[in-house]
Number of protein chains: 2
Amino acid sequence: MDVCQEKIIHHESVQKALNNIPDMDALHSITGIFKALSDPSRLKIVIALAKCELCVCDLAAVCGSSDSAVSHQLRILRNLKIVRYRREGKVVYYRLDDHHVSTLINQTLEHVKE
Amino acid sequence: MDVCQEKIIHHESVQKALNNIPDMDALHSITGIFKALSDPSRLKIVIALAKCELCVCDLAAVCGSSDSAVSHQLRILRNLKIVRYRREGKVVYYRLDDHHVSTLINQTLEHVKE
DNA sequence: TTGACATATGAACAGTTGTTCATATGTTTG
DNA sequence: CAAACATATGAACAACTGTTCATATGTCAA
C-alpha cells in the first residue's frame, strides 16, 4: 500500500487524510480560486461585483488603482471564469460568473461581521 | 462626497460598492486566509487537518514534501491562527484552530464534488 | 551525558506576482 | 475620415513566495 513513503508515524490517519485530498486537477482549480481572492485589488473587485455589475473605470475607482492595473486583474479573473463581461458601446461591464465564488464571498463577508 | 476620484461613470453604483468593501484591516485578514489556502501544500495540510489532527512527518507524507518545507508552511498557518499545535514528547500534533476556515474548507470540498 | 529522533529556523535562491508605462484595439461622435 | 474615449495588452521591474540545505532546538532513552 505505502509505496515509497518514509518516517510516517500514523499510517492509518495519513491514509484517511490522503483519501480526502482531491486529485491534482481539482486541487489546482481550488488554489486558483483562492489565489485570485488573495490579492486586495482582486478581492475588492469581486466584492464590488457581488453587489452589482460595474465597468472598468468604476472598478478602478473602487480599487483605488489605475484603469490599466484593474484591466490586468480583470483578465486574470476572466481566465479563471470568475467574471464575465458584456460590451455596451465603449463601456465594458463586468459581473460575477461563478456562483461558487458568489457564495464564497457572501459567506466571507458574513464572517467578517462577527 | 467624492473627494478625489476621476473618470467614474456610475457614481451611485461605485458608492454602493464602496460601502460594501470592508476596512483595510478586515480586507487584509481575508486576503491572508485566502493566500494561505492558495498554495497546494498548505491547502493539502488544511484539508488533511479538517479530518483529524496529524504530526509534522505525517503531514509531510500527505503533502509529498520534506519535513522542513512542511514546518515552514505550518509556521505560516500558525501565525495566521489557522492551526494550533500540542506537543506530546518529541512529536508535535497540529489541528485546525479557526472554525471559519474549517467550514470554508468543507464547503469548498463539497463544491468540488459537484 | 551522549546519541537518536522530531521539529524548527535562517540564509539563499529561483520562480512568480502586481504594478507602471507605453502603446494598441475597438467604439462613438463630429 | 479624424479625434476622443474606454479598455486591453506587452515589456520591464521590484517585491514577494516556497523550496532546499545546513544548522539549531527540544525531548527521550540508554
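The model is predicted, and chain A averages a pLDDT of 92. Chain B can be laid on chain A by a turn of 180° with a shift of 0.0 Å along the axis, at an RMSD of 0.0 Å. That is the relation of a two-fold axis. The same surface serves both copies, as 100% of the contact residues of chain B recur in chain A.

- In chain A, 95% of the residues reach a pLDDT of at least 70.
- Among the elements of chain A, confidence is highest in strand E3(A), at 98, and lowest in helix H6 (residues 99-113), at a mean of 90.

**Where the two chains meet**

- Chain B brings 40 residues to the contact, and chain A brings 40 residues as well.
- On the side of chain B that touches chain A, at least two residues each come from helix H1 (11-20), helix H2 (24-36), helix H3 (40-51), strand E1 (54-55), H4 and helix H6 (99-113) of chain B.
- That side of chain B divides into 24 nonpolar, 9 polar and 7 charged residues.
- B:Phe34 is the residue of chain B that comes closest to the rotation axis, with its C-alpha at 2.5 Å.

**Around DNA strand C**

- There are 25 residues around DNA strand C, and those that come nearest are A:Asp39, A:Gly89, B:Cys55, B:Val56 and B:Cys57.
- Two or more residues of this surface come from each of these elements: helix H5 (67-79) of chain A, and helix H4 (56-63), helix H5 (67-79) and strand E3 (91-96) of chain B.
- H5(B) gives the most, with 6 residues.
- By class, the surface near DNA strand C holds 8 nonpolar, 10 polar and 7 charged residues.

**Around DNA strand D**

- DNA strand D is surrounded by 25 residues, of which A:Cys55, A:Val56, A:Cys57, A:Ser68 and B:Asp39 are the closest.
- Here the elements giving two or more residues are helix H4 (56-63), H5 and strand E3 (91-96) of chain A, together with H5 of chain B.
- H5(A) has the largest share of this surface, with 6 residues.
- The residues near DNA strand D fall into 8 nonpolar, 10 polar and 7 charged.

**A closer look at helix H3 of chain A**

- Helix H3 (residues 40-51) of chain A has 12 residues, which should span 16 Å at 1.5 Å a residue; the end C-alpha atoms are 17 Å apart, which agrees.
- The buried residues in H3(A) are A:Arg42, A:Leu43, A:Lys44, A:Ile45, A:Val46, A:Ile47, A:Ala48 and A:Leu49.

- A:Leu18 sits in helix H1 (residues 11-20) of chain A. A:Leu18 has 16 other C-beta atoms within 10 Å, so it is partly exposed.
- From A:Leu18 to A:Asn79 is 61 residues in sequence and 30 Å in space, C-alpha to C-alpha.
- A:Ser71 belongs to helix H5 of chain A. With 14 other C-beta atoms within 10 Å, A:Ser71 is partly exposed.
- A:Ser71 and A:Ser13 are 58 residues apart in sequence, and their C-alpha atoms are 45 Å apart in space.

Conventions:
Residues numbered from 1 in each chain as written. Chains lettered and ligands numbered in written order. Predicted model: local features only at pLDDT ≥ 70, side-chain atom pairs only at ≥ 80, totals over all residues. Near = placed C-beta within 6 Å. Helix = DSSP H or I, 4+ residues; strand = E, 2+ residues; numbered from the N terminus. Nonpolar A, V, L, I, M, F, W, Y, C, P; charged D, E, K, R; others polar. pLDDT = per-residue confidence, 0-100. Least-squares fit on C-alpha atoms with pLDDT ≥ 70 in both. Contact = placed C-beta atoms within 7 Å. Expected span 1.5 Å × (residues − 1). Buried ≥ 20, exposed ≤ 12 C-beta atoms within 10 Å, placed from the backbone.
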